[in-house]
Amino acid sequence: MLDPTPPTFGIEAISVTKRFGGFTALDQVSLRVRPGSFHALLGENGAGKSTLVKCIMGYYRADAGEIILGDQQQVIDSPRTAHELGLGMVYQHFTLVPSMTVAENFVLGKTRLPAVLNWREELARLEAFFAAMPFRVPLDVPASGLAAGEKQKAEITKQLYLGRRFLILDEPTSVLTPNEADEMLGLLKRMTRDGRLTVLMITHKLREVMAFADEVSVLRRGRHVGGGRVGEIGPRECAELMLGNAEIRRLTDRGGVPGAPMLEIAGLSADDDRGHPACRGIDVTVRAGEIVGIAGVSGNGQRELVEALDGQRPPSGGTIRVHGKLYHARRDEMHDARFYCLPEEPLRNACVASMSVAENLVMRDFDRPPFAFGGWWLRPSSFRAAAARLVERYRVKTSSLDAPIGTLSGGNVQRCVLARELGGEVAVLVVANPCFGLDMAAVAEIHAQLMEARNRGAAILLVSEDLDELLELSDRIFVMFNGRLVHEAAAATTDRVAIGRHMAGH
Amino acid sequence: MPVLAAKPAGAIVEAILIPALALVTALLLFGVFCAFRGVAPFELYALMFQGGFGSWFSWQNTLIRAAPLLLTALCTALPAQLGMVVIGGEGAFVLGGLAAASAAIALHGAAPLAVQLAMAAAGLLAGGLWIAMVGALRQYRGVNETISSLLLVYIAIALLNHLVEGPLRDPGSLNKPSTPPIGDAYMLANIPGTEVHWGFAFGVVVCVLAYVLIHHTVFGFSARVVGGNARAAKVVGLPIGRLVLGITFLAGAAPGLAGMVEVAAVDGQANGTLVAGYGYTGILVSFLARHHPLGIIPVAILMGGISASGGLLQRRLGLPDAATLVLQGTVFMCLLGSEVLHGRLSLPRLQRA
């Protein structure tokens, strides 16, 4: 057992309210996390989970309500105070410094460091700590050398090492393979059972909640709408609580038969920003009327592959052929070959945030009639008519066509990009993480659009970190690991376990 | 103005209010500075207005001083559409003047209009190529354009001095090395009815053309997309290299033309006087105008007025002529500081209840 350790404690949030300008992110949310429990906080994107947790951790001050730690009301005015009270947070993306060793990262996290570090002492303390832990993390390796699963373990043990007895985890399994996720969650569950830890986990994955959590609370649009013990409340009720009355579009049925090869990628290689090879020797052929999915944990070269295909990164080798012709990602080729993209993080990669919705919608065609004459004289007034049609067809919610696209919500930005890219006839479509950060209604809509584009004959390459999405949409699935494609299977006959193994490199 | 109507009202108010605020703050600080030298601020401001805009004579003085600024400001304003910060107008100006003077010498004896056109072409080309180098260095070698354009200014001045004191030197210019005078026949005339040379009109026309280019052509729209988000520009296949080179060439051509005007309308020859700081003041004009080509016109006239009032301040208040440089510097500092205010001003009538 960890000795001497502060005991773990529970947290109660009473009627917490948080507003940002005119927008109410949390509306009188009350939540009780029992000491020693594994509590899941469920809700779709935008429900307020992150905001609530940031109020508890001291990043935000709630506008109303109280937070009670153990049995004492506390005012948590900064993350430092939260840390001193024993609260720790593990984020979705790693906070380890990649070039420092794991031991250095652990020591770095201490709130009070002497001016001169006594490494002998620190290392001895670390050894003693790990002697009492059920697992180990290599201490003298630079953090960049750890696999994602190990990094996540290191983040968690770091919090424990720093004396934190209440852990908040924000979507901790999003960067792990299914097996790593199960292993980590099992570990946490055991520690809460032993009474060493209390865990509050933010997630939108029902499966994990049902398998590992003791209790669940559901947030929807900033309100606490329900919850209960995991045995008593089932997955269907949780899903209903999360969605409320929102209409979720049903996925269009798969139709048609794949046709001729449209996109042929042969031996494609690309380097990352530092010049190291990120993906090597990628061979994929996508036929018309087919969705080919590429699965993989983030950081295995998918980003560079997509950037090499959509024109943002020059390939370091290999060829891309569209309908038999060599393709170099030039604007005229994109137009003639009807090659379109939905890159990830659309606001960052596919839009100019400061330009208007109308201007963004015509970005593919502004140099052609009716928007331009002679290839050089522009008629800005002509943008609006075409933009208005697209906005209506794709149900984009915007205050006006002239509003900067950066002011739209994530879902509406993605709808705009979809409208622009899918609005005409599409021969080839390269899609990356299209539904990241979007609410379920938007996700269902985008999936339906992709399936319809497929049924109309588009050749779609879908690169995603969401395995459920890939399994639902793809005809065939590849797995990408360490920059190479390591596995191919028909989506209908494969299973998560096999894919999960390949995602981890086994 | 059509382009501004596309933006939400708040953005326009902010775009004008914040630089205006910076200007007023700078004037106030300048007043404090002068107060330390025993000058009453009110008298100071009154004389500044009189010296710049108080009489037809002052106005003409102002417009003459504004003329080069209209063009050198474009050297910063055009690349700004691409998101680049170029501050090399001084170098393009100097080389433009030198090239123009050389063209005049080479074509000496030809018809005036032909010579003037050749001078203009030489100025445009020399300035354009000089700043296009900045674009090429950025695009193909990743060199920061601010640093390269600034350092190229020093190289340009050194080139000017070398050529003017050496191969292109007029043997008759003893005290001050200079190219041979181009001759009165080839000097630019004044706008009829005024003492203001045609260079002012050139400047206004070029600013208007720059506005049309940026807001009404495919080229200008493409440049703005690249400036807004280069990653998105690549996804839609825009030719970034060509846009960078094109814009930087045009950005250099403008001050190059201004250099030609300085030789053809003011000096009559190329020498060290070309290094007058118009390029640097142009940077200030562009920032004050928030890099908008049409906004450059009133701002350049304002700066011209401030500079024109220098003489009056010197005579009546005993302030050194360089006092206007102090004001210019203060304006620039206040302007840079005011950048923080963008997006943070809650203007009363725009707040929701």
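Author: In chain A, 4 strands form an open sheet whose order is 12-11-14-15 and whose pairing is antiparallel; strands here are DSSP runs (E, at least two residues), helices are DSSP runs too (H or I, at least four), both numbered from the N terminus, and two strands pair if DSSP finds at least two bridges between them. At the edges of this sheet stand strand 12 (277–287) and strand 15 (325–326) of chain A, each of which pairs on one side only. The model is a predicted one, in which local features need pLDDT of at least 70 and side-chain atom pairs count only at pLDDT 80 or more, while totals for chains, interfaces and linings use all residues. Residues are numbered from 1 along each chain as its sequence is written, chains are lettered from A and ligands numbered from 1 in the order in which they are written, and side-chain values use heavy atoms, with hydrogens and water left out.

Within the sheet, strand 11 (residues 261–271) of chain A is joined to strand 12 of chain A in the antiparallel sense by 7 bridges, and the bridge partner of I265(A) in strand 12 of chain A is V284(A). Helix 9 (residues 302–310) of chain A lies across strand 11, strand 12 and strand 14 (317–322) of chain A, and runs at about 120° to strand 11 of chain A; contact means heavy atoms within 4.5 Å, and such angles, from 0 to 180 degrees, are taken between the N-to-C directions of axes fitted as lines to C-alpha atoms, for helices over the stretch in contact.

Chain A also has an open sheet of 6 strands in the order 6-7-8-3-9-10, with mixed pairing. Its strand 6 (87–90) and strand 10 (223–229) of chain A stand at the edges with a single partner strand each, so one side of each is left without a neighbour in the sheet. From one strand to the next, the twist averages 20°. Strand 6 of chain A runs parallel to strand 7 (residues 166–170) of chain A, and 4 bridges join the two; L87(A) has F166(A) as its bridge partner in strand 7 of chain A. Helix 1 (residues 49–57) of chain A lies across several strands of chain A, including strand 3 (38–42) and strand 8 (198–203), and runs at about 150° to strand 8 of chain A.
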